[in-house]
Amino acid sequence: MSSSRRKFLQYSLAGASLLALGPEALAASGNKGAAPKKGPKKKILILGGTGFLGPAVVQAAQARGHTLTLFNRGKTRPELFPNVEKLRGDRDPNKDEGLKALKGRKFDAVVDTSGYYPRIVKASAELLAPNVKQYLFISSVSAYASDKTPHEDESGPTATMADPTLETMGKEYEFYGALKRLCEEAAEAALPGRVANVRPGYIVGPEDRSDRFTYWPVRFDKGGEMLAPGTPDDPLQIIDVRDLAEWLVLLIEGNTNGVFNAVGPGQAWTMGAMLDTCRQVSGKDTKLTWIPADWLEKQGETGDMRLPIYMPPAGNSAGTHLRSNAKAVKTGLKFRPVDVTVRDTLAYFKGLPEERRGKMRAGLPPEREAELLALWAKAKDGKAAPATPATPVAPAASGKGG
């Protein structure tokens, strides 16, 4: 699997959720410190609003007294938020009614959670520019040219592509990051100085249907011997969807613009610390067997959806989990304790129907995990163990549509 495809699968927004985030979840978010003083009420438009991040933004904004309007096709859970205004149309101005429902409408801010191609973002940004004060575009850290440099901030070089008019991710998703960067530029061209380009890394938490982060607490909770990739000291960055949503609302309240890396948690985290947190939350005495990343790669496990979120801190992925979030933190980004994220994610998964729980969308299938553990045990004993490449697995939903 190419590094471009891996980046897409790892960094794209999580898939559409099954249920809207409720006010109770926000109230029990676990964020420490007093909530920022509420400012003037804002009229906020969300392009999307029915997937993973979108509902979290709706709830966070409602909790602070703002007025929401959603614009989407009405095909994904149209019953959500019955008291919120909904405008129907298509992000593509050439399809059906296109953006007609937005013409002449005025908003204080727009949150674009569903932009993937620059032509589409350009259309909405230019249409709304005369009547909005601020445009928040949800981009991705895939917009950077590479993940090679640890602790890189927002000034790092960004991805490019030879033909910026292409409207395809590419066979190996090699254009995903460059397209996100072109979307950023399209928004900025339409509203110069009035855009917040937000680049999240791994968005996790309850309601994430991709199972990328969810795999780890769920697998730990099952007990037994568990394969852990790399070393306990390998870095890990995530951001709880609720922390991201609440911070987006703060950007709107402060009319704060610019480019921001939206990564967390608040303190440096590692794979070992994450799995220790899973132990604390689950209460299970799961046995961890750490297997070197290079050995796993020889077995055909190369950090894709089989070992979700994990990337070895070396070579082309040396900086994947070590991006600077200092700029975002200065503008108010806060993080709830990691055990809250792990606990709530595990509880969310356990609350899903049994049939769904039996179909994890990321992570090692049990039989493959057992095979790798057996092969590694033989390798450690000095017995020859032939490489057994993994069976290809279909990628999880990319999460198009916020």
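In which handedness of crossing does α3 pass α7? The crossing of α3 over α7 is right-handed, where a crossing counts as right-handed if the near helix is turned clockwise from the far one by less than a right angle, and left-handed if anticlockwise. The structure is a predicted model, in which local features need pLDDT of at least 70 and side-chain atom pairs count only at pLDDT 80 or more, while totals for chains, interfaces and linings use all residues. Residues are numbered from 1 along each chain as its sequence is written, and side-chain values use heavy atoms, with hydrogens and water left out.

The protein has 13 helices and twelve strands; helices (H or I, at least four residues) and strands (E, at least two) are DSSP runs, numbered from the N terminus. Of its 402 residues, 55% count as buried, that is, under 20% relative accessible area with a 1.4 Å probe and protein chains only. Among contacts (heavy atoms within 4.5 Å) with a separation of 6 or more, 81% join residues 24 or more positions apart.

Now back to the helix pair. Two packed helices are described by the angle between their axes and the distance between the axes. Helix α3 (residues 53-63) and helix α7 (residues 241-253) pack at about 55°, with axes 8 Å apart; the axes are lines fitted to C-alpha atoms over the stretch in contact, and angles run from 0 to 180 degrees between N-to-C directions. The two helices are therefore oblique to each other, the class left over once angles under 35 degrees (roughly parallel), over 145 (roughly antiparallel) and 65 to 115 (roughly perpendicular) are set aside. On the α3 side the contact includes Leu53 and Ala56, and on the α7 side Val241 and Glu246.

Threonine 50 is buried, at 11% relative accessible area. A polar atom of its side chain lies 3.4 Å from the backbone oxygen of threonine 76.

Helix α6 (residues 215-222) is largely enclosed by the rest of the structure, because seven of its eight residues are buried. Among these are Tyr215, Trp216 and Phe220. The cover over the buried residues of α6 includes β8 (225-229), α11 (338-350) and α13. Glycine 223, with a positive phi near 80°, follows α6.

Helix α13 (residues 366-380) also holds arginine 368, which counts as buried at 5% relative accessibility. The side chains of arginine 368 and glutamate 371 make a polar contact at 2.9 Å.

Notes:
Buried means under 20% relative accessible area, exposed over 50%, partly exposed in between (1.4 Å probe, protein chains only). A polar contact is a pair of N or O atoms within 3.5 Å; within protein, one must be able to donate a hydrogen and the other to accept it, and residues adjacent in sequence count only if both atoms are side-chain atoms.
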